[in-house]
Amino acid sequence: MKLADNKATLSFSDGKPSIDLPMYQGTVGPDVIDIRKLYGQTGMFTYDPGFLSTASCQSAITYIDGDKGELLYRGYPIEQLATNCDFMETCHLLLYGNLPDAAGKEDFTKRVTNHTMVNEQMQFFLRGFRRDAHPMAIMTGLVGALSAFYHDSTDINNPQHREISALRLIAKMPTLVAMAYKYSMGQPYMYPKNNLSYAGNFMHMMFATPCEEYVVNPVIERAMDRIFVLHADHEQNASTSTVRLCGSSGTNPFAAIAAGVACLWGPAHGGANEACLNMLEDIQKTGGIAKVGEFMEQVKDKNSGVKLMGFGHRVYKNYDPRAKLMQETCKEVLAALGLENDPLFKLAMALEKIALEDDYFVSRKLYPNVDFYSGIVQRAIGIPVNMFTGVFALARTVGWIAQLNEMISDPEYKIGRPRQLFTGSVKRDVLPISQR
Ligand code: SDX
């Protein structure tokens, strides 16, 4: 980051001396006001719950222009990556800052593939869960449990440890997500197959059984890979910020990623894809497109507590570019499966059309986000609704790791420790219980 010529002056109406605060510029996007010395100079904190106006770090990984609806991974537009690259190339880009050449891609893919199996002991963790446990409950446990198996790579300050744990996490997430699914189905786990692509291997572990050959459908495989690319990273979102804050204590990478999985589960974040599909199915059950008008009135009624899941975003005040690409993928997959008339897809398109013409949504700049269509395409592929967020976590793992590694490699990083505006009781004495 570069010191800006401009600087900010903070003055106080009660005559306290004003202070000058340095400003910094990035390569693109808003400048920042450096408030690190504010407390030392004024004895006051800034106040920004939800971090609406706060840059928590400097980063060179992902850039979002919310007004334009633009998303760049290391400078490359998501539209070009989703069309011209696959998930392994995208992982290489996010982790190392550049797209690999053919040899580099082959080497990276081989290094990931060699780590797709999990320790045989991992299967015994699953036995402790009910068969109907939510897959994200299982994933939160399994990812954290990985740190119990890799004592050789838990020192987050060791670059070699960071490298090997990155490969292990990227490689093992599909295996763990598929195991959570098989466990819920009462079916045997399928081991990874090293001759399959990353997406093809995931589909094999999810849908194959020992009873017959499973042939990966190339259209679905490509769609699965694109879903991974679209979910790979997204700047300082809630789960990435969780991973950074958790990792800032020096804990091991597996524990930090497990914290990200737990945060992503929430319906306001990665859990929105599951919530969106459930919303669409509820509308479908109660009358479908004929009921959309009534549903939208509920959404606009603040007291109803009903939100249009898959819509709105803290940063995008325009169409989420991932939603557009996901809609295209939806069309491709539904056509390939002969499901062009999928009622839920038609319902989602009708909801989107109405919302984009309704002043409630237009005035609040609410557009479809990545979660609005992702559930429909995953459901068409055969992934159950309660597995959607697990797929999101699988794809986002590379982004979490890239962000964590960037933080640890930043000489300026410290353990994150925000302060507060205290509104509780001032000091008071404990009275004997007989006098309380
Ligand atoms: C992801 O941060 C990321 O980058 C996340 C993510 C990633 O890749 O990591 O992009 C992934 O989490 C996408 C978002 C998935 N969540 C949902 O789809 C859940 C539904 N969306 C909302 O909960 C909401 O839009 C958020 C949480 C996504 C954003 O909330 P903000 O930025 O805090 O905005 P807000 O709640 O203050 O909303 C502003 C206004 C409010 O109305 P007013 O009080 O101004 O009258 O818009 C309304 C909100 O009530 N609003 C909605 C709405 N989202 C916002 N009203 C109806 N339906 C919605 N979905």
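In this predicted model, the buried residues of helix 6 are covered by elements that include helix 5 (122-126), helix 7 (159-185), helix 11 (253-264) and helix 18 (388-409). Helix 6 itself spans residues 135-145, and its buried positions are Pro 135, Met 136, Ile 138, Met 139, Leu 142, Val 143 and Ala 145.

Helix 7 also takes part in an aromatic pair. Across the whole structure, 15 aromatic pairs are found. In one of them, the ring centres of Tyr 181 and Phe 207 are 6.2 Å apart and the planes meet at 75 degrees, so the arrangement is edge-to-face. Because Tyr 181 belongs to helix 7 and Phe 207 to helix 8 (residues 198-207), the pair ties together parts that are 26 residues apart in sequence. Buried means under 20% relative accessible area; Tyr 181, at 9%, therefore counts as buried, whereas Phe 207, at 22%, counts as partly exposed.

Tyr 360 and Phe 361 form another edge-to-face pair, with 5.1 Å from centre to centre and 70 degrees between the planes. Tyr 360 is buried at 15% relative accessibility, and Phe 361 is buried at 2%. Both belong to a cluster linked by ring pairs, together with Phe 311, Phe 345, Phe 372 and Tyr 373.

The ligand is surrounded by 24 residues, the closest being His 234, His 313, Arg 314, Arg 322 and Arg 396. By class, this shell comprises 10 nonpolar, seven polar and seven charged residues. Oxygen atoms of the ligand lie 2.7 Å from a polar side-chain atom of Arg 396 and 3.1 Å from a polar side-chain atom of Lys 302. A polar backbone atom of Leu 308 is 2.9 Å from a ligand nitrogen atom. Taken alone, the ligand exposes 1,000 Å², of which the protein buries 76%.

How values were computed:
Residues are numbered from 1 along each chain as its sequence is written. This is a predicted model: local features need pLDDT of at least 70, side-chain atom pairs count only at pLDDT 80 or more; totals for chains, interfaces and linings use all residues. Side-chain values use heavy atoms; hydrogens and water are left out. A residue is near a molecule or strand if one of its heavy atoms lies within 4 Å of it. A polar contact is a pair of N or O atoms within 3.5 Å; within protein, one must be able to donate a hydrogen and the other to accept it, and residues adjacent in sequence count only if both atoms are side-chain atoms. Accessible areas come from the Shrake-Rupley method with a 1.4 Å probe; for residues, only the protein chains shown count as cover. Ala, Val, Leu, Ile, Met, Phe, Trp, Tyr, Cys and Pro count as nonpolar, Asp, Glu, Lys and Arg as charged, and the others, Gly among them, as polar. Buried means under 20% relative accessible area, exposed over 50%, partly exposed in between (1.4 Å probe, protein chains only). Helices (H or I, at least four residues) and strands (E, at least two) are DSSP runs, numbered from the N terminus. Contact means heavy atoms within 4.5 Å. Rings of Phe, Tyr and Trp (its six-membered ring) pair if their centres lie within 6.5 Å; planes under 30 degrees apart count as stacked, over 60 as edge-to-face and the rest as tilted.
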